[in-house]
Amino acid sequence: MKLSKEDSALFFRLYWSLLYYVNQKYPVIKGLKKPDLRDWNINKILELEETFYSHLELIDSFIIENPFEFDQEELEIVNSWKKAVKDRFIIISHQKDHTIFLHNAKIPKAYGVLGLYDEIKDITPKPPIIAGTILLPFKRKIIHSGIIRVDSEPELMPLLRDTIRKNFQQARKRFGIILSLDKPIYLDENLADLIDSELDMNWNQIESNLPEIPTKLLMEIMVSLELYVNKKVVMEIIKRDDAVFWLRKIIQDGRFWYHKSYGDGWAPIHAIHILPIIKSKDALELMMDTIRYRGDDLGVWLIENVPGLLAAFGEDALEDLKCFSSDETLDPFVRTTATTALAFLASKNPSYKDNIKEHLMELFNSTDEPTFASLVADDIASFHDPSVIPQIRMAFEEKRIDELFKTEEELESIIAGERDDSVFSGFEEDPLNHFSRENIEYLHRINQPDHEEEDNKWSDEEEYFDFETDEKSIKKKIGRNDPCPCGSGKKYKKCCMYKEK
């Protein structure tokens, strides 16, 4: 399915005019003298699209100035592009009326997308494939921006077909196939529907009494809500002067740490995300005690989330973090939650950079623990300071670094700025976002057990899929640090690496 020739021509006239206007404000393509991009390098057009998507506010000034004298209907189409969706998608099938683009975000959505002058199936390889583009509303339909960047390794897709199926199933159940971007998709941030369906509890009844509930009972409610704790509950907790006292009781109680126990293992995880929102001295002390004594129980949270949570305490935590990272009795992974937090704080506060770098170098040069040396070397590399290279090379020569984590070439590449600085991925995120609808639904999805009856539900969706099993592609190895083939934009180790086992 595609637009008519007249509508396709209208789209390109409007869209290229807007991109031309953006280019005047933020020059990307030098020498662009008219709103016609047919003969320009595709990479430059993509760069211009990136600029447009980063400055959607320019749509307002474009409409006010109306440099091309568009009529009201045409300006309304341009105005609707504020609702654009730019990302990598998984094209899973071509239907009679549209092509299905699966957005593999924390809350998956499936869009029915139309082609422009050409059918999408005629300009892309056979699904499933990963494709990057911008989805735009156009006359109550969804189209792409004219450029679809197809992933160079579509043969990886069969490796993740179960994940794709599950995400599509959830998207279809939750929203159906989305055929228009004009109407907002309502998501209840209070999680009332999930609380009701998953726990058989009434959120409205809880909400009406929140301010009057004693802190002890408020904590019991948080535990009872299991995964489905929302921002309103958290904001009520942090108002309480005795919040840290009761959070400590939860963290110290072994019952709360395990799946299928009271709270289903979520209460301590919620607690460590609440502490940096409180930001007090006793909250930081409790956070470090939790890391020190519950590192094994935190599991993957220790590596992926805790450094960012420590950094969220801010500059007031610097000396405590330095002291914590100097404790040689701690497990290497526990210690480096603090060193990574320090390195991140240095990247955000240049005035502390030299002091923190000196501290990390002292730790690196004095340790005889290869794992810790490897991990802290990664933090040191994030400073991009070539002066540390001789000491890192010497450590490799003396076999003081475990190359399982980073090779000498990889570290030097990071120092030179040639590799992605993924060590700080997600650290700027507000800890309160842990309790967002998007994140809770994501955690709900990845923590749901696989049930045989759920597998059977896929049978009515076979029309949407055309997966071919290729033994060579299934045996193809995906590196831990490679982009995840599911299209999320994350590294494989931070996305589907553990879901497919």
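Predicted model: local features only at pLDDT ≥ 70, side-chain atom pairs only at ≥ 80, totals over all residues.

The points below go from the whole chain to a few local spots.

1. First, a caveat and the overall picture. The protein chain has 24 helices and seven strands. Of its 501 residues, 51% are buried.

2. On contacts and surface: take the contacts in the protein chain between residues at least 6 apart in sequence, and 70% of them join residues at least 24 apart. The accessible surface comes to about 24700 Å², and carbon and sulfur atoms account for 48% of that.

3. Five of its five residues are buried, so β2 is largely enclosed by the rest of the structure. Side chains in a regular strand alternate between the two faces of the sheet. In β2, T99, F101 and H103 sit on one side, with I100 and L102 on the other. Every one of these residues is buried, and both faces of the strand are covered.

4. What does β2 pair with? One partner is strand β1 (residues 85-94), which runs antiparallel to β2 and is joined to it by four bridges. If you want a landmark, I91 has F101 of β2 as its bridge partner. The link from β1 to β2 is a hairpin through four residues.

5. Strand β3 (residues 109-113) also pairs with β2, again in the antiparallel sense, over five bridges. Here the landmark is I100, whose bridge partner in β3 is G112. A hairpin through five residues takes the chain from β2 to β3.

6. Now the nonpolar cores. The largest has 90 residues, and L310 and F364 are the ones that touch the most other members. Helix α17 (residues 332-348) gives this core its largest share, eight residues. There is also a second, separate core of 37 residues, with L14, Y15, L37 and I147 among them.

7. Leaving out residues up to four places away in sequence, F364 touches A373, V376, A377, I380, Q391, I392, A395, R400 and I401. Do click through these, as A377 turns up again in the next point.

8. How do helix α19 (residues 370-381) and helix α21 (residues 408-415) pack? Their axes are 8 Å apart, at an angle of about 25°. The two helices are therefore roughly parallel, as the cut-off for that label is an angle under 35 degrees. In the contact between them, A377, D378 and A381 of α19 meet L411, I414 and I415 of α21.

9. From α16, the residues L318, K322 and S325 meet N355, I356, H359 and L363 of α18.

10. Last, a residue on α16: is E319 buried or exposed? E319 lies in that helix and has a relative accessible area of 55%, so it counts as exposed, the cut-off being over 50%.

Notes. Residues numbered from 1 in each chain as written. Heavy atoms only, no water. Buried < 20%, exposed > 50% of the residue type's maximum accessible area, 1.4 Å probe, protein only. Contact = heavy atoms within 4.5 Å. Areas by Shrake-Rupley, 256 points an atom, 1.4 Å probe, with all protein chains shown as cover. Pairing = 2+ DSSP bridges. Core = buried A, V, L, I, M, F, W, Y, C linked by side-chain atoms within 4.5 Å. Axes fitted to C-alpha atoms, helices over the stretch in contact; angles between N-to-C directions. Parallel < 35°, antiparallel > 145°, perpendicular 65-115°, else oblique.
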